[in-house]
Amino acid sequence: MADRLQNYINGAWCAASTSDYLDVVNPATNEVLAQVPLSPAADVVAATEAAAAAFTSWRRVPVGDRIQYLFKLKGLMEAHLDELARTITLECGKTFAEAKAEMQRAIENVEVACGAPIMMQGDVSEDIARGIDELMIRQPLGVCAAIAPFNFPGMIPFWFLPYAIACGNTYVIKPSEKVPLTLHKVMELIEQTGLPAGVVNLVNGAKEAVDTILDHPAIRAISFVGSSPVARYVYGRAAANGKRVQCQGGAKNPIIVLPDADVEMTTRITMDSAFGCAGQRCLAASLMVTVGKARGPFTEAIAEAAKSRVVGFGLEQGVQMGPVINHQSRDRIHDLISQGIEEGAKPLIDGRNPNISGYENGSFVRPTLLQDVRPDSRIAQTEIFGPVLGMLHVETIEEAIALVNAGQWGNMACLFTSSGAAARKFRYEAEAGNIGINIGVAAPMAFFPFSGWKESFFGDLHGQGKHAFEFFTQTKVVVERWFQDWTRQF
């Protein structure tokens, strides 16, 4: 029988108070890796109470001392980088190189969070009136929580966790029940830093655990990444309970290609964007819009590149794309491809039902290109979350920008061109939170916020960078009179 994972509460590993477990499956082989508990509300409550008790003393630890634990964690994550990446490949399906890059982004966020002594500084105005000073200080919120997705089990929790604890908060995190092993290993590293008990707690689970996080009165702030329908649910329920919330939702990211774009570079970057991580990322290109004379040469180049992409088990040498997360996701993607063809799209390359030698039980979909997709079709408006690139064509950049802005999503939009004027027009007018110019995945570095507009984000402050420090602190304004002659004047 596969190992049963435990929760981490108040500085100790403990069995979940449930007999309900799910299999954690390698999507390339369908092999069971472990079993994850569907923890009940009581376990979330226990983790929250531990975090609340720890907050009283943790917030009083000087910020310079708090970040020493993060320095230790950074070193541990670097030392165990290959092990963490291998775990991501086994449970999530992405290639080993993609998994290492993901963990490197996580480490970058730890580095940025170590800037808390500067980023938490307040403001002071002296003598706003005679003998009166006014200052604004930043203080931690209390207990915070994260509900993590399956597609980046190592990186996305670090958009939030290191900032939260650096700012003096305590934390409860619920990993995706599809990929809990990576955060389990991360928690083992956190434990090695000597972080005080209760500062960071991990609870496995599904909807009951999520709802308990959303409702518990001691949890002051919640971070979420996932689909837009669930993001809307999490945001609405948590905000109604008076919590601070940031919810990253879905996307339908367009790449606009002008005739003056470099064919080789654009093709290579578009391939990595659309089919990297098997298309299972919120910054994956899912629509390619060719403008004017770009249609012919770029369509041909993209088709040739997609045909040659090597698909297989991510730990094998030379593999460029792994499986999608599970059979259910594979079947859903197959259905969406079928619907797109029924709507009139031409299957330039059809990646359904591939035969991956040695991995016949895996959840594989090969790169798929659908040509002549209608802008009003379902395939053009639905987040597929798989290796499917829809191809559209317009005659002018104005039409392309209008197409971008007409969509309900606003996570990312990219332009490929050699024209500075076109690039400036696009970045100025395109309605998306992350813009790429000759970039296929406009993923912000850790010292910039991971932006998102429209249906792609619910909230005000994003993860990472300055936004994270603002999200995990609350401002307090103090007006002081220290005028030594005050008693003699009245």
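This is a predicted model: local features need pLDDT of at least 70, side-chain atom pairs count only at pLDDT 80 or more; totals for chains, interfaces and linings use all residues.
Residues are numbered from 1 along each chain as its sequence is written, and side-chain values use heavy atoms, with hydrogens and water left out. Local features need pLDDT of at least 70 and side-chain atom pairs count only at pLDDT 80 or more, while totals for chains, interfaces and linings use all residues.

**Cores**

The largest nonpolar core has 123 residues. Such a core is a set of buried Ala, Val, Leu, Ile, Met, Phe, Trp, Tyr and Cys residues joined through side-chain atoms within 4.5 Å. Buried means under 20% relative accessible area, exposed over 50%, and partly exposed in between, with a 1.4 Å probe and protein chains only. M77, I165, Y171, V200, I256, L369 and F472 have the most contacts inside this core. Helix α4 (residues 96-113) gives the most to it, with 7 residues. A second, separate core has 23 residues, among them A50, A51, I213 and V234.

**Helix α4**

Helices (H or I, at least four residues) and strands (E, at least two) are DSSP runs, numbered from the N terminus. α4 has 18 residues and reaches 26 Å from its first C-alpha to its last. That is close to the 26 Å expected at 1.5 Å a residue, where the expected span is 1.5 Å times one less than the number of residues. Its buried residues include E98, E102, N109 and A113. The cover over the buried residues of α4 includes α2 (63-79), α3 (81-92) and α16 (465-471).

Why does A113 count as buried? Its relative accessibility is 0%. Leaving aside neighbours within four places in sequence, A113 is in contact with I67, L70, P162, Y163, A166 and F469; contact means heavy atoms within 4.5 Å. A113 and A468 are 355 residues apart in sequence, yet 8.8 Å apart in space, C-alpha to C-alpha.

**The sheet**

An open sheet of 7 strands runs in the order β14-β15-β16-β13-β12-β18-β19, with mixed pairing. Two strands pair if DSSP finds at least two bridges between them. The edge strands, β14 (346-349) and β19 (434-437), each pair on one side only. Neighbouring strands are turned by 25° against each other on average, direction ignored. Strands β13 (residues 285-291) and β16 (residues 388-394) pair in the parallel sense over 5 bridges. In β16, G390 is the bridge partner of L287.

Helix α12 (residues 327-342) packs on the sheet and touches β14, β15 (368-371) and β16. Its direction makes about 20° with that of β15. Helix α15 (residues 420-429) lies across β12 (253-257), β18 (412-416) and β19, at about 170° to β18. Axes are lines fitted to C-alpha atoms, for helices over the stretch in contact, and angles run from 0 to 180 degrees between N-to-C directions.

**Aromatic pairs**

The whole structure holds 11 aromatic pairs. Rings of Phe, Tyr and Trp (its six-membered ring) pair if their centres lie within 6.5 Å; planes under 30 degrees apart count as stacked, over 60 as edge-to-face and the rest as tilted. Two pairs are set out here.

| Pair | Centre to centre | Between planes | Type |
|---|---|---|---|
| Y171 and F472 | 6.3 Å | 70° | edge-to-face |
| F313 and Y359 | 5.6 Å | 50° | tilted |

Y171 sits in strand β8 (residues 170-174) and F472 in the loop between α16 and β22 (473-481), 301 residues apart. Y171 is buried at 0% relative accessibility, and F472 is buried at 0% too. F313 and Y359 are both buried. Ring pairs also link W159, F160 and F450 into a cluster.
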